[in-house]
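Visitor: I am new to this structure. Could you take me through it step by step?
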Amino acid sequence: MTKKHAFISFDFDNDKVLKDFIIGQSNHEDSPFDVVDQSLKEAAPERDWVERARRAIKRSEIAIVMVGPKTHNAPGVLKEVAMAREEKIPIIQIIGYKDGNYTAVPNAGRLYGWNWENLKKLLS
């Protein structure tokens, strides 16, 4: 099986654990994707961060937005979604937690539950 190269976007300030979980899932033998890179928000100057994020997104076949309670307002996620749209990279949104109400990130498509069946269907 050929795996899709995925860029992972997440709310850096609130949901780092989701990044770890989705990367762990990508390491399973029957996973339909591997992680090219993940959200790059860090202490780097803003200009460098934007350039690095765009390069990582361009290397990807799909962007996965890991959605937590505040993701729809996370500035880094909003910028990454805009870059993926500009680069014509498909985007899917995965709800990262079992409980709670989640708002979709604007312009990033529909929200999907996080389960193996959905991932395989969306990423195949």
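Visitor: Where is isoleucine 89 placed?
Guide: Isoleucine 89 is in the loop between α3 and β4 (91-95). Helices (H or I, at least four residues) and strands (E, at least two) are DSSP runs, numbered from the N terminus. This is a predicted model, in which local features need pLDDT of at least 70, side-chain atom pairs count only at pLDDT 80 or more, and totals for chains, interfaces and linings use all residues. Residues are numbered from 1 along each chain as its sequence is written, and side-chain values use heavy atoms, with hydrogens and water left out.

Visitor: Why does isoleucine 89 count as buried?
Guide: Isoleucine 89 counts as buried because its relative accessibility is 9%; buried means under 20% relative accessible area, exposed over 50%, and partly exposed in between (1.4 Å probe, protein chains only).

Visitor: Which residues does isoleucine 89 touch?
Guide: Leaving out residues up to four places away in sequence, isoleucine 89 touches Ile57, Ser60, Glu61, Ile62, Ala63 and Ala84. Contact means heavy atoms within 4.5 Å.

Visitor: Now to another part. Which residues of helix α4 are buried?
Guide: In α4 (residues 116-123), the buried residues are Asn118, Leu119, Leu122 and Leu123. They cover an arc of only 105° around the axis, so they lie on the same side of α4. The arc is that of the directions from the helix axis to the C-beta atoms.

Visitor: And what does the face turned away from the buried side carry?
Guide: That face of α4 carries the exposed residues Glu117 and Lys121.
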